[in-house]
Amino acid sequence: MHNQPEIIYDKQGNAHVIVDYNDDYIGAKLGFWLFLFTEMMIFGSMFLIYAFYMFQFSDTFVQYSATLNVKMGGTNTFILLVSALTMGLSLVRLRQGNVEGAKKFIWATIVLALIFLSIKYFEWSAEIHHGIYPGSPTLKSMGDGAVMFFGLYFVITGLHGIHIILGIGAMIWVLGLVRKGKITPTKFVVLENTALYWDLVHLVWVFVFPLFYLIH
Amino acid sequence: MNTFSHTSFYDKTHTVFGHHNSKILQWIFSIDHKRISLLYLFVMMGFFLVAVCLALSMRLELFSPGQDIMSPERYNQVFTLHGVIMIFLFIVPGIPAALGNFLLPLQIGARDVSFPRLNLLSWWVYVAGALLAISSLFVGDGFADTGWTFYAPYSIKTGTNVVWALGAAFILGLASILTGINFVVTIHRLRAPGMTFFKMPLFVWGLYSTAWIQILATPIVGISLVMVIFERVFGVGFFDPTKGGDPVLFEHMFWIYSHPAVYLMILPAFGIASEIIPTFCRKPIFGYHSIAVSSAMIAGIGYLVWGHHMFTSGISETIKLIFSVLTFFVAIPTGVKFFDWIATMYKASIEFKAPMIWAVGTFVTFIIGGLTGLILGTVGVDVYFHDTYFVVAHFHYTMLGGVAFLMFAGFHYWFPKITGRMYSEKHAKYAFFTVFVGFNLLWFPMFLAGAFGMPRRYFDYLPEFEIYHKFSGIGALIFATGIIYMLITLYRGWRYGELAGPNPWNATTLEWQIPSPPQLENFGTIPYVDFQPYEYINGEPVHKMDLGVKEGNKDA
Amino acid sequence: MLEGMKGVSSFASEIDLAIWVVMGISIGIFIVVVGVMFYFLYTYRAKKDSREKIKNIEHNVYLEIAWTVIPTFLLAIMFYYGYTSLKVMREVPKETMDINVTGQMWFWTHEYANGKKTKDLYVPIGTNVKLNITANKNDVLHSYYVPAFRFKQDAVPGKMNTAWFNAKELGHFDIQCAEYCGTRHAYMRAKIHVIDKETFDTWYKSDKKTPFDQESVATTKHPGLELLESNGCLGCHSVDGSILVGPSYKDMFGHKVKVSVNGTLKEVIADEAYLKRAILEPDSEVVDGFSAGMMSSYKDVLTEKQIDDIIDYFKNGQNTPKEDIGAKATSILESNGCLGCHSVDGSILVGPSYKDMFGHKVKVSVNGTLKEVIADEAYLKRAILEPDSEVVDGFSAGMMSSYKGILSDSDIDIVIEYFKGL
């Protein structure tokens with residue numbers, strides 16, 4: 001809207017630029033960081049519930065942690081780490097002016113995210129196949145500690161999975177914006193924020209993984 | 001609205017999807033913060049009136065002992081709906097989303113908020129949440145009957161539409177978070193050059209503290225409510241004792257948000273008081289820094305006091321004492337604000353216009369609310385008073401007699417800025433006194449009833465409490481009449497009032513230096529702000545500016 | 001009735017002291033702050049020359065320190081009293097009589113160490129009583145609130161909270177539920193009866209239901225009904241046909257009932273098998289018009305034998321207590337003075353006789369116009385609660401006052417049941 005930056009002068013005659021609310025890179029990033037704070041509070045609350053019941057049922061938590069598939073969880077951790085790298089690289093490529101390279105790395109991230117989800121799917125279906133899912137009679141018969149452990153497991157990994165899906169959606173949207181030329185090597189804040197979001201998603205998993213898979 | 005000499009935001013706007021011919025679409029898709037604030041205002045006041053009617057029906061039911069006009073089940077739904085509407089649809093979005101949205105950019109010298117489209121989105125999300133809440137009335141067993149606190153395990157067991165109400169509260173929380181993010185970024189990025197944090201008007205300080213609470217506390221209640229939805233839908237069991245869950249944990253999670261939420265409501269209200277007091281005392285506010293910093297302190301300490309809602313829930317004695325101490329700590333910055341305002345009145349020249357009268361009246365009611373809060377913060381005493389009418393009276397004295405009254409004070413104060421017209425001063429004052437008398441008659445007897453052992457959320461009561469309910473019932477009618485009177489006065493002012501001009505109160509902050517109602521993008525010229533927000537000499541503003549037009553075009 | 005706001009427990013005086021101190025401080029602060037404010041408002045109101053007299057004072061360090069320190073000091077006092085009053089309430093003496101209190105939807109159960117279970121609580125005067133308060137796991141939050149004893153403790157499902165008291169006076173004191181628990185929250189009341197030690201001891205060793213019973217009750221009441229009472233069933237299901245939260249027990253056995261099974265309606269006969277299912281898996285078949293999820297299973301609560309007793313009560317028990325009702329109703333009518341004006345033998349005193357009243361036509365005047373009504377349950381209830389709304393022809397209005405709040409709903413039902421037989 002305002003192509004020329006608007007400038008005003010104080011009494012001493014020093015020039016001051018008025019921040020254009022329509023195109024404020026720092027503002028966009030600040031806002032997104034605040035959004036990430038709210039995400040952290042959400043997962044933080046979940047970890048609080050985890051801590052609460054871990055304290056109450058520590059033995060059971062350790063016992064059932066051993067039943068989770070560390071290999072699958074570990075692979076997923078690795079996949080997310082790599083995907084964080086590819087996401088970061090896409091931003092680097094874009095800022096270097098290599099739009100096609102950036103697109104490729106976003107696609108790579110999407111593929112890795114999908115692999116993550118499918119591994120998660122196999123993990124969950126194995127457990128559900130054994131009759132372990134929230135509200136199931138089998139789970140109830142295993143005692144309160146097991147109900148809490150697997151309840152937290154399904155809710156937290158599920159919530160995390162939803163974030164992965166949202167991330168994939170965001171990346172597809174970003175790809176669209178790149179094609180339309182709304183994200184360019186000089187206007188990259190949307191991609192940068194998506195990368196930030198993806199970092200949060202993988203960071204959360206870095207906490208989730210040991211809390212569920214490695215405490216035994 | 002074409003009677004103004006300039007093109008105001010009523011005439012011209014930006015919309016999110018480009019141009020629309022329809023006036024309605026121009027409103028509901030507008031990304032102008034002023035239009036969005038009015039959208040919020042009307043929806044919010046509509047719901048406020050609905051909740052007032054619900055409250056009246058409860059008072060009518062309680063007017064005499066026994067069942068009169070509704071069944072206990074219906075009564076429980078009515079007080080839940082009243083609470084949900086008042087909290088999530090009226091008072092949480094209230095001042096920030098309606099008045100704050102309008103005034104924040106004006107007061108800091110910005111053309112809009114940082115994310116105008118997000119601002120519109122949050123209104124739409126708000127409306128969606130409201131519709132979800134209301135639609136659950138007509139489905140199955142009707143609206144939730146859990147009380148607005150949704151305490152587990154009752155909220156897990158009851159047959160009513162708790163999931164809908166929880167979902168609505170979650171969505172409304174999302175709208176609130178979006179507004180909070182928008183405000184924090186706006187305040188950080190879009191202040192006029194030269195305006196440091198300690199040159200911001202105090203209303204902006206209130207909004208700033210509030211926005212942080214919205215960002216950091218709302219997600220916690222959001223996710224807790226989602227957990228309850230999971231309990232009901234999937235049977236997860238975090239709060240369900242039959243599955244090893246702990247209902248007290250839900251109380252914690254709920255109050256971690258919901259206690260800061262009351263500060264979220266009151267801080268911008270305090271901000272309004274801090275605007276009104278210097279304007280009508282005609283002098284700089286006393287202790288600007290302490291008022292500004294105390295807002296942030298209240299927001300900070302307010303996070304750590306939630307346990308005082310749970311003194312009887314069986315938490316450990318040490319925790320109770322810690323929460324009690326922290327609760328008292330919140331009182332100190334709150335007290336400081338009041339002392340600052342009262343000190344501002346010293347050696348002033350006080351004009352008793354309607355906004356000032358509303359503010360002063362609120363001081364009386366809010367001090368009662370605040371002091372009874374201290375009584376409730378005293379551990380041993382709270383064990384006795386907890387969950388009685390004493391608590392009900394206390395929080396209505398703070399929330400209604402504090403937040404809502406100051407919001408009404410704000411309506412009267414900024415009415416000429418928003419509409420460009422003036423209401424009848426005489427009727428506005430009469431309306432205030434009607435509301436004030438009704439309010440005290442409505443709530444004060446409840447302190448007594450509670451002190452003598454009347455528990456809250458009771459459909460029926462023992463005969464010795466009848467007298468208090470009778471007084472309350474009469475007070476409620478007077479109160480509601482006063483509210484209607486006030487709204488009619490404002491409506492008539494809007495339709496038929498005299499033109500107010502840019503600065504009818506002769507006030508100092510930036511929003512008064514532009515035409516009323518403001519134009520699109522607010523300022524022609526954005527000033528360099530190297531002065532304090534409330535600078536007066538002998539009752540006259542030091543800086544008088546005409547920021548409505550562009551610097552170069554002044555002669556044209 | 002909420003009897004006596006006078007503090008009855010040994011620590012009540014401490015709580016009252018704390019209340020008075022914090023209220024005193026609060027009222028003091030209020031008067032000072034609001035007083036100063038109104039003084040300023042009056043003194044510095046806008047006048048002709050007041051603008052010139054304005055002084056722009058923006059800071060005063062001493063004043064600001066003062067109004068931070070003084071309130072802090074006052075708050076410290078309040079906190080101290082909060083602490084002391086909490087301490088007396090929470091420090092349970094060593095020697096106590098332990099009673100388990102269980103809250104369930106709209107009903108308190110008190111269980112003594114020797115297994116005695118009561119609805120109201122009976123305690124000897126001057127004895128340390130410790131309450132272990134909880135709620136059934138499948139129930140909801142309640143709060144045990146005894147205003148006269150100045151304490152309140154939440155009953156949390158699956159958790160044991162404690163409270164204690166030492167009653168210093170004889171009398172009857174109300175227990176109310178202070179944590180919202182659903183439809184009949186307001187009616188979740190009971191009483192604490194403080195009685196002298198001897199009476200208590202004799203009762204405690206006897207098999208009487210309450211210390212006030214004249215004789216052993218075991219003989220008069222059907223065991224099934226007793227179970228229904230002591231398990232809180234009657235909080236939701238009536239025995240007189242009135243609908244509370246769940247269907248009434250009256251005329252239930254052997255009759256057809258419409259139930260919804262997984263959302264589809266079907267008709268079943270309320271036989272023994274059905275009733276057993278309804279007790280053990282209440283949500284499997286929900287009676288049409290009522291909601292699922294309200295009642296929790298009694299699987300681990302009732303034994304087989306107890307369930308049989310209950311079903312036997314549904315089957316045979318409801319006809320037996322006729323004489324019992326007679327005795328009860330007579331005592332209600334006597335103790336409330338009804339028989340001073342209304343006879344039971346057909347003779348006319350001040351008001352109409354009760355004899356041959358039920359089900360018969362009666363001429364009443366409503367606001368001056370005569371009309372004929374049938375003396376059914378609804379009419380009689382009205383006549384007791386709002387005696388002047390319909391006055392029987394030939395008698396005058398204003399003679400009888402309403403018994404609203406004096407007779408409980410169940411008292412009224414008993415009386416009406418009694419009228420039926422006259």
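These exercises work through a predicted model, from one chain to its contacts with others.

**Exercise 1. The build of chain A**

Work out which elements chain A holds and in what pattern they follow each other.

*Solution.* 
Step 1. Count the elements. Chain A has seven helices and two strands.
Step 2. Read along the sequence. The pattern is β-β-α-α-α-α-α-α-α.

**Exercise 2. The form of chain A**

*Solution.* 
Step 3. Along its principal axes, the C-alpha trace of chain A covers about 75 × 40 × 25 Å.
Step 4. Look at burial. A residue is buried if 20 or more other C-beta atoms lie within 10 Å of its own. In chain A, 34% of the 216 residues are buried.
Step 5. Look at contacts. Take those in chain A between residues at least 6 apart in sequence; 71% of them join residues at least 24 apart.

**Exercise 3. Where chain B touches chain A**

Find how many residues each chain gives to this contact, and which element of chain B gives the largest share.

*Solution.* 
Step 1. Count both sides. Chain B gives 34 residues and chain A gives 30.
Step 2. List the elements of chain B that give two or more residues. They are α6 (162-189), α7 (202-234) and α8 (247-281).
Step 3. Pick out the largest share. α7(B) supplies nine residues.
Step 4. Sort this side of chain B by class. It has 21 nonpolar, eight polar and five charged residues.

**Exercise 4. Where chain C touches chain B**

Repeat the analysis for chain C and chain B.

*Solution.* 
Step 1. Count both sides. Here 79 residues of chain C meet 80 residues of chain B.
Step 2. List the elements of chain C that give two or more residues. They are α1 (12-43), α2 (50-53), α3 (61-90), β6 (142-146) and β7 (151-155).
Step 3. α3(C) does so, with 15 residues.
Step 4. Sort this side of chain C by class. It has 43 nonpolar, 20 polar and 16 charged residues.

**Exercise 5. The domains of chain C**

Name the domains of chain C, then say how far apart the centres of domain 3 and domain 4 lie.

*Solution.* 
Step 1. List the domains of chain C. They are domain 1 (12-90), domain 2 (97-205), domain 3 (223-319) and domain 4 (322-421).
Step 2. Take the centres over C-alpha atoms. Those of domain 3 and domain 4 of chain C are 32 Å apart.

Methods
Residues are numbered from 1 along each chain as its sequence is written. Chains are lettered from A and ligands numbered from 1 in the order in which they are written. This is a predicted model: local features need pLDDT of at least 70, side-chain atom pairs count only at pLDDT 80 or more; totals for chains, interfaces and linings use all residues. Two residues are in contact if their C-beta atoms, placed from the backbone, lie within 7 Å. Helices (H or I, at least four residues) and strands (E, at least two) are DSSP runs, numbered from the N terminus. Ala, Val, Leu, Ile, Met, Phe, Trp, Tyr, Cys and Pro count as nonpolar, Asp, Glu, Lys and Arg as charged, and the others, Gly among them, as polar. Domain bounds come from an automatic or database domain assignment. A residue is buried if 20 or more other C-beta atoms lie within 10 Å of its own, exposed if 12 or fewer, and partly exposed in between; C-beta atoms are placed from the backbone.
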